[in-house]
There are 4 protein chains.
Amino acid sequence: MASTFGKIFKITSFGESHGKAIGGVIDGCPAGIKIDISEIQKQLNRRRPGQSQITSQRQESDKVEFLSGIMDDITLGTPIGFIINNNDAKSSDYESTKSIYRPSHADFVYEKKYGLRDHRGGGRSSARETAVRVVAGSIANQIISKQGISIKAFVSKVKSLEITKNYFEYNLDKIDNSIVRCPDKDISKKMISLIKDAKDNGDTLGGEITCVAENVPIGLGEPVFDKLDADLAKAMLSINAVKGIFIGNNKTEAFGSESNDVLQNLDGKTKTNNSGGIVGGISNGNDIFFNVSFKPVSTLMQVQDTINDQGKKTSINPKGRHDPCVLPRAVPIVEAMTAIVLLDHFLINKTNKIL
Amino acid sequence: MASTFGKIFKITSFGESHGKAIGGVIDGCPAGIKIDISEIQKQLNRRRPGQSQITSQRQESDKVEFLSGIMDDITLGTPIGFIINNNDAKSSDYESTKSIYRPSHADFVYEKKYGLRDHRGGGRSSARETAVRVVAGSIANQIISKQGISIKAFVSKVKSLEITKNYFEYNLDKIDNSIVRCPDKDISKKMISLIKDAKDNGDTLGGEITCVAENVPIGLGEPVFDKLDADLAKAMLSINAVKGIFIGNNKTEAFGSESNDVLQNLDGKTKTNNSGGIVGGISNGNDIFFNVSFKPVSTLMQVQDTINDQGKKTSINPKGRHDPCVLPRAVPIVEAMTAIVLLDHFLINKTNKIL
Amino acid sequence: MASTFGKIFKITSFGESHGKAIGGVIDGCPAGIKIDISEIQKQLNRRRPGQSQITSQRQESDKVEFLSGIMDDITLGTPIGFIINNNDAKSSDYESTKSIYRPSHADFVYEKKYGLRDHRGGGRSSARETAVRVVAGSIANQIISKQGISIKAFVSKVKSLEITKNYFEYNLDKIDNSIVRCPDKDISKKMISLIKDAKDNGDTLGGEITCVAENVPIGLGEPVFDKLDADLAKAMLSINAVKGIFIGNNKTEAFGSESNDVLQNLDGKTKTNNSGGIVGGISNGNDIFFNVSFKPVSTLMQVQDTINDQGKKTSINPKGRHDPCVLPRAVPIVEAMTAIVLLDHFLINKTNKIL
Amino acid sequence: MASTFGKIFKITSFGESHGKAIGGVIDGCPAGIKIDISEIQKQLNRRRPGQSQITSQRQESDKVEFLSGIMDDITLGTPIGFIINNNDAKSSDYESTKSIYRPSHADFVYEKKYGLRDHRGGGRSSARETAVRVVAGSIANQIISKQGISIKAFVSKVKSLEITKNYFEYNLDKIDNSIVRCPDKDISKKMISLIKDAKDNGDTLGGEITCVAENVPIGLGEPVFDKLDADLAKAMLSINAVKGIFIGNNKTEAFGSESNDVLQNLDGKTKTNNSGGIVGGISNGNDIFFNVSFKPVSTLMQVQDTINDQGKKTSINPKGRHDPCVLPRAVPIVEAMTAIVLLDHFLINKTNKIL
């Protein structure tokens, strides 16, 4: 009972990594909106493996095929069904781990939870599922961008190497000029070499992605449980490998007198923006920004201890084509989930008043 | 459309801070379970203001009255309705801020979102609402504790002062011996004096709460969107003043080879527990633990700049009885929301198999 | 997990018939709307027992107390919590049936389902719960009536005695002039004497209520599962004792050429209105009307065979103050549930377009 | 926001009649269950057009392709994605009605609701969507049949011609021996000739389907809003052309003393079964049965008056291959929706107790 995200603009996803196809249904998409299909494909390309030397070399074209809900590039208001075929699945890579649980992977817990699992490529727990989110997110993003909202994510930290300026001091429009998707040229280069080194050692890295949403109207988010930051937190922690989020500037170590944001005018602009554009769970008209923390990729190209399904200790030496660091490919996923949350709350907010 | 939390075990909350009463409806509570009503009141007492010298001095008895769903202390399986009257509301404290927006509060965004607001004590955005969660959480906690699950939260950091050991090196059974609810005696004392100093200056503090859930069965959490950590993140970020969460040990700066947890046996125990008891969104049988970050309280007892509802610059000098640091009172709230998430997933998990 | 109705405008109800109180939470109510509280009480009075000689003589004042969500008679957009105390509960009437299952009542299935039950007055299965719906429905009705929508229900059939004209040939504004709430004066009288006779014999009657909603805008209802008629059907069948519904004129026995409704203009008016104002699940601008069938009341004032909780055959001779025919008191309940469905779809419909 | 049905076992459907494909996602399907794929295809064949001389001659193979969630014919517990391609769509048949609203169809209301519509074959409002339900329903049916539950539907009335015996006096295992799917041989013949006559005249017919569910365990259904009969009502009224439902025997015209069902033993068996196996919204262990009313098909092969999208009066003379009476093909749809409701409540019911 767990494959749908959103309340009004909803994405339901399906698909195992090595099954026939993955796909989804976008329900609750407003009608009459022109969608640029090539833009969706462009976002998928930003997420797909094989795009650069620092990502997995699995060659998936990740071509999305729309089956319903869009006619002549215009949304019909009806559910948008789509599929992405799995072409380059090498299930044979996983034969050796059929009865072995990979460390820090979901193999063991799936088998305990369901009594069985699709062992090929992690099955449903594979990050391949996130392609579906990118499709839905791109559509959401196109819709809210027509309302002036702009979402930009970038890699702000790899291992302990992090950017040194505030997000607004960088040009975020050219993130993709860097294959690691970091806006700081020098740090970008260092990150790439860090990732290459890790790859050479069969090791992996984590880090942080920062996401910024500009021009979000005042009033998105609900007061109590469905706070905008609570829904963003759920969205982010639902992404594979994400373990943490922080909304706004971390002022845990400051006094209230240092962290409070002072209103300047009735547009909602505040002198500082420590709260990251959300107060009381509701957008306040300032930039929304937050940091998302990723743990290092669990699949190492190293021999590792583990146990098999008989409980016997054994070791594993994974094959497969994996990312030494998922951060660069995760940027469009973070943007996608952010767009879905913002559009959903945009639509929910329309029901707060009768007219 | 935003006042319900949970999918099967659900809490719907209502109530403004200075209205007649707050309250809630717990729906989906399993039938036939003996509830210790005095334990619920005990948890409310841990949350209520006026409990110590470092908390708000508002004197609310916070006595919960159950109206349905429990007969002779046994749950009927029907919705449990309950109310907590607002007795010591001093609405007059808020007359001066009727047309002024308090900094970093939700006053401004509420008025923009709804076109009006209950200005008395923050209305719906008041943390008073969390008393409702404590009631539901205590019932959830009693139910899962009968399944062996144990939840313990404590204050691990106030401002920059933090505990120095791992959670498992402390005795977490006696947290309440410290009025700041920190398990480290020495640091506890320092925290208290830090809070008193802030209070004397009319200033406020933030910090972190750590929460640990032991003996959670393997298999709670759903694979994709409703990951157990995603739902915990949403639960925590839905608490007033919370801006961040981190599940497990923060290994953002480590190699994968340093952060992977190696399975030891079919009970799921791993050599390390960096993932904090959750992999792929599903509990793996190890301790679940996470850190929750609170911003400093927004209500200062200082003169602060702001604007009024005409957009004119003005200043504010708040009255009211407020906490210089909410962390100690937030401990039972964090425990409550954790219990609700775990019971909900416990029940959801029953539907994964037909028998 | 079953005490909430609606998707955006939602009512969550709680309360056993003989507990302290029943009540509910209305969530998702639009903000800024003036509510006439006395009108809500008026609707409760139309539903309450003891209102006439042909209803149950239980004397409940059914006074609703609002606890939140409304300030100075204006909705705040926050959840509206309310309670109705149980004053005249005579639980002693039910001592004799504590271990006996009343025929055609839910006693037996509750005990099987939950392992226990509140035997006093049917507990949660009592029609007393519907007072909560009337509160929510009256608020919904006040909101949509400001949009021009008008809902009128009336008793069209008691046992085999039914009205002989179409609904639009009657004056539906004066339904309450008849204690049986039938718009036909002569038939009304006959119905009353039919009910009195049944009462004298300790017997009970069923019948039908017709509900008409005028000026419903075109476009309410969703295409596939959440068709407007499907949601009305669910709403009606969720009312105690309702076993059937028919939307529009029953043309089961007609040819398509006789039942099709021919469009006359772009306002949507059709020559005939056999479809009852809904085509393809969506309102078409004509009157929505439907018939709701009630089975006879299960509680007879007669000796009846049954079994006890040991499976032994026994007989029952109920006490308590019951309705010989619930139809007259069910009229405001049918109106209430209709109003909730229409307002909910009105709000849902706002999300079909981005602007 | 309306293309999902069910709370735990959920079907999300997508697809326009003349788009590339229709399909769906089944979420919440229990894991580890062997599914007979050929049985699903068999049920689709019972629904597909072109199966006999009294149905539409559109030739759709309606071959379902599963994309995920099932491995080696065993459910994985993950979402089951599937598609059914549209092969024989003759969109050219609909060119003439692009700007004309067909009588009693959803053309007009779709255009008003969404601002545009897919005019080809009714788009989303086409009954073609119900093939998706048959897939989900067949899987649900296979799962609950392993629990002993058996669902059988049949045509009990065409126009005014109806069966004369109780359902339990017929052999319901051989329904498909009759192309009209009526268990009464003689009446079956008359129904077929009635349908042929209507077809010859370009006219259409409605009627009733009776559905029986045997061996449903006691306790399915929730007390208040999610009564089992309320959910069945919603399920049935969500099927195209359905306008009414009646649960159990229609005792509107009887006395309570005639309609009450007397319990015989602790298995729940009652002397009569007027309530149709559901009391207080909860299954009571007796056969569940209900009647579903279908209006005559709206598409006539006759010249009919209507208006165009400029509001001008015009006439329509439909092409396309349509059913003169949908009842025979609707039998597997009614069974499918019944199976979905019963499995969903079966799973929901597992959460009423903690163990």
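Asn215(C) is exposed, with a relative accessible area of 53%; exposed denotes over 50% relative accessible area, buried under 20%, and partly exposed the range in between (1.4 Å probe, protein chains only). The residue is placed in the loop between strand E10 (207-214) and helix H5 (228-237) of chain C, where helices (H or I, at least four residues) and strands (E, at least two) are DSSP runs numbered from the N terminus. Although not a glycine, Asn215(C) has a positive phi of about 65°. Most residues other than glycine have a negative phi. In chain A, Asn215(A) likewise has a positive phi of about 65° and lies in the loop between strand E10 (207-214) and H5. Asn215(A) counts as exposed at 54% relative accessibility.

The model is predicted, with local features requiring pLDDT of at least 70 and side-chain atom pairs counted only at pLDDT 80 or more, whereas totals for chains, interfaces and linings use all residues. Residues are numbered from 1 along each chain as its sequence is written, chains are lettered from A and ligands numbered from 1 in the order in which they are written, and side-chain values use heavy atoms, with hydrogens and water left out.

Chain A has seven helices and 16 strands. Along the principal axes, the C-alpha atoms of chain A fill a box of roughly 65 × 50 × 35 Å. Buried residues make up 69% of the chain. Among contacts (heavy atoms within 4.5 Å) with a separation of 6 or more, 70% in chain A join residues 24 or more positions apart. Helix H5 (residues 228-237) of chain A is mostly covered, 10 of its 10 residues being buried; these include Asp229(A), Asp231(A) and Lys234(A).

The same surface serves both copies, since 100% of the contact residues of chain A recur in chain B.

In chain C, five strands form an open sheet in the order E1-E2-E3-E7-E4, with antiparallel pairing; strands pair if DSSP finds at least two bridges between them. Strands E1 (4-5) and E4 (64-66) stand at the edges, each with a single partner strand, so one side of each is left without a neighbour in the sheet. Six bridges join E3 (residues 21-27) to E7 (residues 80-85), and the bridge partner of Ile22(C) in E7(C) is Ile84(C). Helix H1 (residues 37-47) of chain C packs on the sheet, touching E4 and E7, and its direction makes about 150° with that of E4(C). Angles run from 0 to 180 degrees between N-to-C directions, with axes fitted as lines to C-alpha atoms, for helices over the stretch in contact.

The largest nonpolar core holds 348 residues, of which Ile139(A), Ile139(B), Ile139(C) and Ile139(D) touch the most other members. Such a core is a set of buried Ala, Val, Leu, Ile, Met, Phe, Trp, Tyr and Cys residues joined through side-chain atoms within 4.5 Å. Its largest share, 15 residues, comes from helix H7 (residues 327-349) of chain B.
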